[in-house]
Amino acid sequence: MLWQKVPVSCRQMLLLETLGVKMSFLESIPSHLQLPVAVTCYWIRCSEPKVKLHQLKALLLMIVSGELQRITNDPDPAVLCAEDDSIAYNEFLKWKEKKLQKKDFDLDAAHSFCQWQCCLQMGLYLNQLLCTPLSEPDLSRLYSGTLVHRLYQELKSTPSVENLFSLSPKMTQLYQALLNTVESTVSPDFFQKMTKTKSESCKKKKASSKKKKTRGAIPETQHLCNINRFASLGVDD
């Protein structure tokens, strides 16, 4: 193929420039997770509606769970599994088995996670077109819709779920590296700004609704016989 004649560094640069990420940002990330993380950075910046912080954290925790499963169950004898990792994985399995109270399906979150999957698919296609300048991730352990939605719902009500893998120093370090890398590609107030905007929008709607009610209200002291039902139409004439 034509692209095989192009140096790997050039193909890698083209891929990452398309996703809007610098290789220096990905140096702390394991090579097989660099492509999903680069895609996540692109998703955060370009998604509409904007990605919520809990959605990002749920997605990254899901990726960490797949990595924990890989190093715990990998038959490769060269891959050593620390005792802390085994304990953390068993605790994670116990957490998954717990029955939670059923909650309404969050369509906004579903839409956002679907956008991430689409971004990942296009990222994989481009990576393959360029003859894989970045390692391909194990898709079977990378994404679980059921898991990411559960993590998102629990993070909203129980923020401590973010410490789900705290028994494994390696997984805790990986989660922080993933989170820091993605957050470094947006402004420090990216998520706060979004929350503030949403809050201001709600206040404006309430104020507008209250104003309409006030303008259309008829004084209670006015005698019923003298009420002009069309008077409110000429208030701002």
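**Notebook: burial, core and aromatic rings**

I looked up Q34 and found it buried, at 9% relative accessible area. Buried means under 20%, exposed over 50% and partly exposed in between, with a 1.4 Å probe and protein chains only. This is a predicted model, where local features need pLDDT of at least 70, side-chain atom pairs count only at pLDDT 80 or more, and totals for chains, interfaces and linings use all residues. Residues are numbered from 1 along each chain as its sequence is written, and side-chain values use heavy atoms, leaving out hydrogens and water.

**Q34, continued.** I placed Q34 in helix α2. Helices (H or I, at least four residues) and strands (E, at least two) are DSSP runs numbered from the N terminus. What does Q34 contact, leaving aside neighbours within four places in sequence? I listed M23, L26, I29 and L134. Contact here is heavy atoms within 4.5 Å.

**Fold and confidence.** I counted nine helices and zero strands in the protein chain. Buried residues make up 36% of its 237 residues. I then took the contacts between residues at least 6 apart in sequence: 75% of them join residues at least 24 apart. For pLDDT, the predictor's confidence per residue from 0 to 100, I noted a chain average of 83. Of the residues, 78% score at least 70.

**Core.** I went to the largest nonpolar core and found 56 residues. Such a core joins buried Ala, Val, Leu, Ile, Met, Phe, Trp, Tyr and Cys through side-chain atoms within 4.5 Å. W43, I44, L56, L151, F165 and L178 have the most contacts inside it. Elements giving two or more residues include α1 (8-19), α2 (34-46), α5 (107-129) and α8 (169-183). The largest share, ten residues, comes from α3. I checked L178 too: beyond four places in sequence, L178 touches I29, V37, L60, I63 and V64.

**Aromatic rings.** I searched the whole structure and got six aromatic pairs. The pair F92 and W95 is stacked, 6.0 Å centre to centre with 20 degrees between planes. Rings of Phe, Tyr and Trp (six-membered ring) pair with centres within 6.5 Å; planes under 30 degrees apart are stacked, over 60 edge-to-face, the rest tilted. F92 and W95 are three residues apart in α4, about one helical turn. F92 is buried at 3% relative accessibility, and W95 is buried at 8%. Next I took F92 with F165: the centres are 5.4 Å apart and the planes at 45 degrees, so this pair is tilted. Why does it tie together parts 73 residues apart in sequence? Because F92 lies in helix α4, while F165 lies in the loop between α7 and α8. Y89, F92, W95 and F165 form one aromatic cluster.

**R150.** I found its charged end over the ring of W95, 4.2 Å from the centre. The rule needs NZ of Lys or CZ of Arg within 6 Å of the ring centre and within 35 degrees of the normal.

**D108.** I finished in helix α5, where D108 is found. D108 is partly exposed, at 49% relative accessibility.
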